[in-house]
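Visitor: Could we go through this model together? I would like to start with the strands.

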Amino acid sequence: MATKRDFYEILGVSKTASIDEIKKAYRKLALEWHPDRNKSAGATERFKEINEAYAVVSDTTKRSQYDQFGHAAPRSTAGGWGGQGPFQYSYSSSGGNPFGGQGGADFIDPFDIFEQFFGGGFGGARGGQRRRAHPSYEITIDFMDAVKGVTREVHVPKGEAGEGSVKKSIKIPAGVDNGSRIRFDDFDLVIAVRKDKRFEREGDDVVVTADIPYTLAALGGIVDVITIDGSVSIRIQAGTQAGTLVRLRGKGVPHVQGNGRGDAYVRIQLAVPTRLSKQQKALFEELHRTGI
């Protein structure tokens with residue numbers, strides 16, 4: 001019979017790892033090897049192995065006894081290894097399981113544990129049955145989709161692990177930001193927003209940088225700048241300095257709750273020419289001699 005692998009080795013953590021480090025390692029591995037995501041041969045067994053390891057080393061009592069006895073630990077102790085943990089998915093285990101009294105291991109569904117990682121809690125239901133947590137999923141969208149709102153089709157797991165997924169059409173409202181959490185009927189959606197090279201977001205305000213010639217900064221004039229609504233023309237006052245912010249009221253991100261929008265700010269930067277004609281160079285030298 002093959003030697004059973006060390007639980008810490010399975011999770012890729014040290015024996016002194018904190019519970020946060022263990023959770024982080026588990027979440028990464030569970031997502032990688034979940035049977036709904038990973039169709040390679042052996043993925044299901046690997047997933048079971050990861051869950052068994054996590055069920056032990058994430059529990060203070062079980063971990064202490066495992067550290068002392070290893071895989072030769074007794075089947076039933078005062079610590080209660082015979083019970084099932086709060087996250088469970090039963091499977092048949094040939095040869096029995098030293099950490100469970102029913103011949104099975106705690107099989108933790110990472111789609112359930114997402115709620116724990118995003119700060120949710122779990123509560124027991126009456127009659128000794130566990131109340132299923134409201135599962136959370138993460139979706140990544142583009143910056144402009146977050147600003148304008150978007151409808152996306154997503155696949156979410158149905159039932160217990162291994163039962164496949166179901167396609168849902170979801171509407172993400174305008175104004176969501178990185179980390180926004182939206183509750184639907186049977187799950188929560190956590191939003192991750194890709195950065196945009198053109199825009200910086202500060203709450204519901206948007207900042208865009210405009211490079212202008214310093215002759216325009218000195219003399220003043222009109223320049224076109226990009227906003228989340230498209231190009232607009234703004235007036236540059238004579239003598240505008242580098243770093244000046246020009247405010248465009250109501251041109252920012254829509255408030256996700258309530259009416260109105262934030263503002264847009266145009267940050268002025270001066271574009272210094274890298275190549276000059278002889279005539280241009282002579283003019284600049286003349287300006288330099290006059291102290292301008």
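**Strands, cores and one serine**

Guide: Gly221 has Ile236 of β9 as its bridge partner. The model is predicted, so local features need pLDDT of at least 70 and side-chain atom pairs pLDDT 80 or more, while totals for chains, interfaces and linings use all residues. Residues are numbered from 1 along each chain as its sequence is written, and side-chain values use heavy atoms, without hydrogens and water.

Visitor: How many bridges join β8 to β9, and do they run parallel or antiparallel?

Guide: Strands β8 (residues 221–227) and β9 (residues 230–236) run antiparallel, joined by 7 bridges. Strands are DSSP runs of E with at least two residues, numbered from the N terminus, and two of them pair if DSSP finds at least two bridges between them.

Visitor: What joins β8 to β9?

Guide: A hairpin does, through 2 residues.

Visitor: Changing topic, what is the strand order in the open sheet?

Guide: The order is β1-β5-β4, 3 strands with mixed pairing. At the edges are β1 (136–141) and β4 (181–183), each pairing on one side only.

Visitor: In which sense do β1 and β5 pair?

Guide: The pairing of β1 with β5 (residues 188–193) is parallel, over 6 bridges. Within it, Ile141 has Val193 of β5 as its bridge partner.

Visitor: And Ser136, is that buried or exposed?

Guide: Ser136 lies in strand β1. Ser136 counts as buried because its relative accessibility is 0%. Its side chain makes a polar contact with the side chain of Arg181 at 2.6 Å; such a contact is a pair of N or O atoms within 3.5 Å, where within protein one must be able to donate a hydrogen and the other to accept it, and residues adjacent in sequence count only if both atoms are side-chain atoms.

Visitor: How many residues has the largest nonpolar core?

Guide: It has 34 residues, and Ile139, Ile141 and Leu189 are among those with the most contacts inside it. Strand β7 (residues 205–213) gives the most to this core, with 4 residues. A nonpolar core is a set of buried Ala, Val, Leu, Ile, Met, Phe, Trp, Tyr and Cys residues joined through side-chain atoms within 4.5 Å.

How values were computed:
Buried means under 20% relative accessible area, exposed over 50%, partly exposed in between (1.4 Å probe, protein chains only).
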